[in-house]
Amino acid sequence: MSDPHDADAVRAALAEIASLLAPAHPAVAEEVLRAHDRPHDYVNAFEGRLADRGIDGPVGDLAWIALIDALDTHGLLAEFDWKEDAQEIRARLRKLESRPSVDPWVLFEAEETLLPTEEFLHACGRRYRETGAALAVLDIESDCYPVVGLRAARADELAALAARAGFPVRHLGAGRRGR
């Protein structure tokens with residue numbers, strides 16, 4: 001059994017992540033904390049949504065999945081398949097409530113849209129950083145990319161909070177060179 005102080009630290013980090021990524025949507029934090037505090041209750045309430053992920057009972061990363069699903073419901077996350085078309089990625093990123101005020105798409109080169117999904121997402125991350133924004137993958141160890149947008153100045157804070165909660169975040173386009 002885990003130390004209850006660890007559970008409190010995880011809970012606090014999850015609440016801070018929800019506030020960071022969804023400051024105008026307190027329902028996101030409520031769902032995440034419900035999944036953390038009362039996993040059976042959460043699974044019963046969201047069984048349809050969870051069934052799409054192959055989840056039929058409480059799992060270790062339930063609160064993280066709840067965060068991803070709640071962010072998606074509120075237009076703050078776009079989840080991409082491992083072989084998603086660049087134009088679909090572009091269209092869905094443009095719909096995010098957290099998109100940058102400066103349109104990064106004018107910075108794209110035509111050949112970048114021909115890249116495979118992961119490389120294109122890193123190109124998107126680099127272009128977003130040029131506008132002061134960042135893209136991050138809330139990793140669920142799957143063949144998909146749940147992507148959130150946020151201010152670049154807060155990207156390291158997101159990674160630190162996720163690490164405290166025990167979940168992986170990967171920044172797109174940070175520190176990568178190339179095409």
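Reply: Start with a charged residue. This is a predicted model. Aspartate 69 has a relative accessibility of 6%, so the residue counts as buried. Aspartate 69 pairs with arginine 53 in a salt bridge, and their closest N and O atoms are 2.8 Å apart. Arginine 53 sits in the loop between helix H4 (47-51) and helix H5 (62-73), while aspartate 69 belongs to helix H5. The two are 16 residues apart, and the pair links distant parts of the chain.

Arginine 53 has a relative accessibility of 26%, so this residue counts as partly exposed. Its side chain also meets that of glutamate 79 in a salt bridge, at 2.7 Å from N to O. Glutamate 79 lies in strand E1 (residues 77-81), 26 residues apart from arginine 53. Salt bridges with shared partners join Glu31, Arg49, Arg53, Asp69 and Glu79 into one network.

Now the strand itself: E2, residues 133-138. Six of its six residues are buried, so the rest of the structure largely encloses E2. In a regular strand, side chains alternate between the two faces of the sheet. Which residues cover each face of E2? Ala133, Leu135 and Val137 are on one side. Ala134, Ala136 and Leu138 are on the other. All of these are buried.

E2 has two pairings to follow. With strand E3 (residues 144-151), E2 pairs in the antiparallel sense over five bridges. Alanine 136 has valine 148 as its bridge partner in E3. Five residues lie between the strands in this hairpin, and glutamate 141 takes a positive phi near 50 degrees there. With strand E4 (residues 169-172), E2 also runs antiparallel, joined by four bridges. Here leucine 135 has leucine 172 as its bridge partner.

A charged pair brings E4 back into view. Aspartate 139 and arginine 170 form a salt bridge, with the closest N and O atoms 3.4 Å apart. Aspartate 139 is in the loop between E2 and E3 and arginine 170 is in strand E4, so the pair ties together parts 31 residues apart in sequence. Which of the two is buried, and which is partly exposed? Aspartate 139, at 16% relative accessibility, counts as buried. Arginine 170, at 28%, counts as partly exposed.

Across the structure there are 14 salt bridges. Among them are aspartate 139 with arginine 170 and arginine 53 with aspartate 69.

Technical notes
Residues are numbered from 1 along each chain as its sequence is written. This is a predicted model: local features need pLDDT of at least 70, side-chain atom pairs count only at pLDDT 80 or more; totals for chains, interfaces and linings use all residues. Side-chain values use heavy atoms; hydrogens and water are left out. Buried means under 20% relative accessible area, exposed over 50%, partly exposed in between (1.4 Å probe, protein chains only). Two strands pair if DSSP finds at least two bridges between them. A salt bridge is a side-chain nitrogen of Lys or Arg within 4 Å of a carboxyl oxygen of Asp or Glu.
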